[in-house]
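Here is a short briefing on one structure. Please keep the sequence and the 3D view at hand.

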Amino acid sequence: MATESPLESLQEEATCPICLEYFKDPVIIECGHNFCRACIAQCWEGSDTAASCPQCRETVQQGNLRPNRQLANMVEIAKRLNLQAAKGAGGQRVCGEHQETLKLFCEEDQTSICLVCHLSRAHRDHTVVPLEEAAQEYKERIQAHLKTLREEREKLLGLKVTGEAKSQEYLKQTQTERQKIVSEFQRLRQFLEEQERLLLAQLEKLDEEIVTIQNENVSKLSEQISHLSELISEMEGKCQKPASEFLQDIKSTLSRCEKGKFQQPEEISPELEERVSGFSQKTTVLLETLGKFKDTLPSASETKRGGSLGTFRQVNVTLDPDTAHPQLVLSEDRKSVRWGDTRQQLPNKPERFDYLPCVLGCEGFTSGRHCWEVEVEVGGGGFWAMGVARGSVGRKGQISLRPEGGIWAVTYWEGHFWALTSPRIPLPLSRAPSRIRVCLDCDRGQVTFIDAGDEAPIFTFPPGSVPGERIRPWLWVRESWLRLCP
């Protein structure tokens with residue numbers, strides 16, 4: 001590439017990067033770049049006090065425009081030098097082949113030509129226009145492209161700003177969740193530690209009462225044992241004496257023997273025994289509750305993975321119309337179900353639910369880890385439940401919507417969420433989920449429900465709850481609707 005001449009370098013420095021012409025009334029902005037006053041004003045039209053530099057995109061204040069008089073002087077020098085150079089070269093560029101002034105522009109070859117070139121065979125049949133006219137036309141086309149490019153640049157800058165704003169919003173949300181987790185677990189630790197101290201203090205008090213009764217009984221028994229040992233020794237010695245001497249005061253001797261009979265020590269009071277038994281039952285219930293609470297939380301390995309979803313296979317679930325209650329209406333794609341206005345006249349097949357408004361999924365699973373998502377209606381005044389069921393679950397008459405009835409599910413009932421356990425457990429959700437993910441782990445016999453919106457766990461039936469047989473998706477709808485997500 002040829003080295004740029006000093007005059008060309010000077011002309012480039014004296015050119016506005018917006019209009020690509022010599023600076024007119026040049027101004028300098030905070031970042032150090034220069035523009036024509038009219039060009040920068042038009043570029044910033046419609047903006048507030050803060051705007052961005054068209055060249056480096058740095059944010060600057062519109063009011064801080066300063067005239068650049070030295071640059072204006074340099075522009076005038078560049079114009080004069082350019083005029084002198086043109087005069088020295090005959091005023092205009094010349095054709096290298098014919099040494100004639102380049103006054104024309106060939107549209108086909110996209111090059112400047114002289115009059116002789118225009119008459120030659122090479123350009124005779126080409127479209128030729130005056131050089132200034134061509135320059136003006138192409139300048140207008142370039143300006144149009146510049147407008148489009150600037151608009152695209154502004155769009156990209158807007159996307160960048162929007163993305164950064166969303167990232168900051170998400171970071172703020174994660175910080176809020178972090179604070180909530182730390183605060184709630186701190187409260188939970190304090191509560192558990194307080195309960196531990198209270199229970200251990202109660203146990204210590206029971207220990208003291210039991211030891212006190214034991215010590216009193218041991219003291220009494222020791223005293224009686226000593227008295228009986230003395231009486232036995234005396235009676236054994238008396239039995240060795242002759243008959244006449246032995247029978248002396250025999251009435252008194254017999255009376256002393258009868259009075260020396262063993263007396264039962266004081267037993268532990270029924271009240272204390274009841275307290276010990278009640279405390280044992282209380283401890284058992286507490287440990288079972290803590291165990292169930294622990295089972296509802298994701299494991300450490302799942303937490304490190306950001307949840308257990310990565311190991312589940314997303315499956316495409318469709319509804320089985322042969323199992324649908326006659327009051328339920330299925331969509332054509334068998335992805336959604338709603339409560340109908342009237343009971344449909346359908347064949348009473350053995351596999352059809354006839355009492356409770358239930359429907360099963362066509363798919364059944366016996367092994368592996370599978371998940372699917374269900375969009376739910378919340379706040380519409382209806383009721384619904386979702387989960388999994390045994391393939392052999394009862395279909396006729398009243399059935400139990402509990403694990404003992406072959407169903408593992410959560411429900412929305414009377415404005416509240418519940419886990420259908422025995423007894424059912426209220427679910428203190430911070431918000432009503434609009435989409436719930438059902439995760440079935442056949443290998444562990446476990447079902448987990450997750451808020452698909454924020455990946456928050458809702459409830460988990462502990463490992464071993466679901467038997468090792470064919471398990472199918474299950475829905476229950478009344479005056480509401482549910483939809484399986486694609």
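The points below cover a sheet, a pocket and the cysteines.

The model is predicted. Six strands build an open, antiparallel sheet. The second largest pocket has a volume of about 490 Å³. The disulfide count is zero.

**Sheet**
- The strand order is E12-E21-E14-E15-E16-E17, with antiparallel pairing.
- Strand E12 (358-360) and strand E17 (425-426) are the edges, and each of them pairs on one side only.
- Two bridges join E17 to strand E16 (residues 416-419), in the antiparallel sense.
- Trp418 stands opposite Pro426, which belongs to E17.

**Second largest pocket**
- With a volume of about 490 Å³, this pocket is lined by 18 residues.
- Closest to the centre of the pocket are Cys39, Gln42, Cys43, Trp44 and Arg150.
- Helix H2 (37-43), strand E3 (50-52) and helix H5 (131-239) each give two or more residues to the lining.
- H5 gives the most, with six residues.
- By class, the lining holds seven nonpolar, four polar and seven charged residues.

**Cysteines**
- The model has zero disulfides.
- The closest cysteine sulfur to that of Cys371 is in Cys439, at 4.9 Å. A disulfide needs the two sulfur atoms within 2.5 Å, so this distance is too far for a bond.
- Cys371 has 3% relative accessibility and therefore counts as buried, the limit being under 20%.
- Cys362 counts as partly exposed, because its relative accessibility is 27%.

How values were computed: Residues are numbered from 1 along each chain as its sequence is written. This is a predicted model: local features need pLDDT of at least 70, side-chain atom pairs count only at pLDDT 80 or more; totals for chains, interfaces and linings use all residues. Side-chain values use heavy atoms; hydrogens and water are left out. Two strands pair if DSSP finds at least two bridges between them. Helices (H or I, at least four residues) and strands (E, at least two) are DSSP runs, numbered from the N terminus. On a 1 Å grid over the protein atoms alone, a cavity is a set of points where a 1.4 Å probe fits but cannot get out, and a pocket is an open set with protein on both sides within 12 Å along at least five of seven lines; lining residues have an atom within 4 Å of a point. Grid points are joined across faces, edges and corners, and a volume is the space filled by probe spheres set on the points. Ala, Val, Leu, Ile, Met, Phe, Trp, Tyr, Cys and Pro count as nonpolar, Asp, Glu, Lys and Arg as charged, and the others, Gly among them, as polar. Buried means under 20% relative accessible area, exposed over 50%, partly exposed in between (1.4 Å probe, protein chains only).
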